[in-house]
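I am opening a notebook on a structure that is new to me. I will write down what I looked up, entry by entry.

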Amino acid sequence: MQHSQPDQPKTLGADLRALRKARGLTLVDMADQLGRSVGWLSQVERDKSDPSIADLRKIAALLGVSISMLFRHSAAPAHEAGYVVRHTTRRPIGSSIEGLVEELLSPDLTDDFEMVHSTFAPGSRITEAVCRPTQEVGYLLSGQIDIEIAGRTHTINPGDSFRIRGEAFRWANPYDVPAVAIWVIAPPVY
């Protein structure tokens, strides 16, 4: 059993707890589905124990997140940990939808919301509508995207923002340049 190093940020356990709760799972539910004890899972969530790569794969699949999202990335200096996320240390999140790169801007997932930086490649799109039990606000920094919310399509330009409150949505970037957006999502889903 490995123990967390003092200089590593203690975000994995807190992130796992937040994701578990956001999905309505109890410690018992999640431990049962992982084939592990509640005590083990509790220790992982309190950063008292580090899960193996095999455990991380099972956890990621159960929570519907990419395994890379669960890996600890470059540690922030102690005075910045939990407060500042440098451009070079953002964690990749979300699914591996072709043409979409998402990075977590929040230091972790322990708040009531998360901030996400999304880059939509030219010509990318999702064909299946997504419906999440969240409230989301997006702000487009550059490029253009078409977003369909509850069956209505809107073209979003730089400086425009939009809101989704649990409605089905999908996006497309049929344009020739990447589109970059900042999303605020509550509760955290990644």
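Entry 1, a charge and a ring. I started at Arg36, whose charged end sits over the ring of Trp40, 4.1 Å from the ring centre. I note here that the model is a predicted one.

I found a salt bridge between Arg36 and Asp55, with 2.8 Å between the closest N and O atoms. Asp55 belongs to helix α4, while Arg36 is in the loop between α2 (27-34) and α3, so the pair ties together parts that are 19 residues apart in sequence. Arg36 comes to 34% relative accessibility and so counts as partly exposed.

How many salt bridges does a search of the whole structure find? I noted 7. One of the pairs I looked up is Arg90 with Glu103, where the side chains meet at 2.9 Å, N to O. Arg90 lies in the loop between α5 (67-70) and β1 (91-93) and Glu103 lies in strand β2, so this pair ties together parts that are 13 residues apart in sequence. Arg90 counts as buried because its relative accessibility is 18%. Glu103, with a relative accessible area of 21%, is partly exposed. I also recorded a network in which salt bridges with shared partners join Arg17, Arg20 and Glu45. Arg132 forms a salt bridge with Glu136, and their closest N and O atoms are 2.9 Å apart. Both ends are covered: Arg132 is buried, and Glu136 is buried too.

I went back to the whole chain and noted 5 helices and 9 strands. Read along the sequence, the pattern is α-α-α-α-α-β-β-β-β-β-β-β-β-β. The protein has 190 residues, and buried residues make up 40% of them.

I looked up two residues here and their distances to Gly13. Arg46 is in the loop between α3 and α4. Its relative accessibility is 45%, so Arg46 counts as partly exposed. Along the chain Arg46 and Gly13 are 33 residues apart, yet their C-alpha atoms are separated by 5.4 Å. Ser49 is also found in the loop between α3 (38-45) and α4 (53-63). Is Ser49 buried or exposed? Ser49 is buried, because its relative accessible area is 2%.

Entry 6, aromatic pairs. I counted ring pairs next, and the count comes to 3. Phe120 and Trp171 form an edge-to-face pair, 4.7 Å centre to centre, with 70° between the planes. This pair links distant parts of the chain, since Phe120 is in strand β3 (residues 114-120) and Trp171 is in strand β8 (residues 169-172), 51 residues apart. Phe120 and Trp171 are buried. Phe169 and Trp183 make a tilted pair, with 6.1 Å between centres and 40° between the planes. Phe169 lies in strand β8 and Trp183 in strand β9 (residues 179-186), so the pair ties together parts that are 14 residues apart in sequence. Phe169 and Trp183 are both buried. I also noted one aromatic cluster, made of Phe162, Phe169 and Trp183.

Which way do strands β5 and β6 run relative to each other? Strand β5 (residues 145-149) and strand β6 (residues 152-156) run antiparallel, and 5 bridges join them. I looked up Asp146, and its bridge partner in β6 is Thr155. The hairpin has 2 residues between the strands, and Ala150 takes a positive phi near 50° there.

I ended with Phe113, Val137 and Val184, which form a nonpolar patch on the surface. Together they have about 220 Å² of accessible area. Phe113 lies in the loop between β2 (100-104) and β3. At 37% relative accessibility, Phe113 counts as partly exposed.

Notes: Residues are numbered from 1 along each chain as its sequence is written. This is a predicted model: local features need pLDDT of at least 70, side-chain atom pairs count only at pLDDT 80 or more; totals for chains, interfaces and linings use all residues. Side-chain values use heavy atoms; hydrogens and water are left out. Rings of Phe, Tyr and Trp (its six-membered ring) pair if their centres lie within 6.5 Å; planes under 30 degrees apart count as stacked, over 60 as edge-to-face and the rest as tilted. Helices (H or I, at least four residues) and strands (E, at least two) are DSSP runs, numbered from the N terminus. Buried means under 20% relative accessible area, exposed over 50%, partly exposed in between (1.4 Å probe, protein chains only). A charge sits over a ring if NZ of Lys or CZ of Arg is within 6 Å of the ring centre and within 35 degrees of the ring normal. Patches are made of residues with over 30% relative accessible area and no salt bridge: like charges are joined within 9 Å, nonpolar side chains (Val, Leu, Ile, Met, Phe, Trp, Tyr) within 5 Å. Accessible areas come from the Shrake-Rupley method with a 1.4 Å probe; for residues, only the protein chains shown count as cover. A salt bridge is a side-chain nitrogen of Lys or Arg within 4 Å of a carboxyl oxygen of Asp or Glu. Two strands pair if DSSP finds at least two bridges between them.
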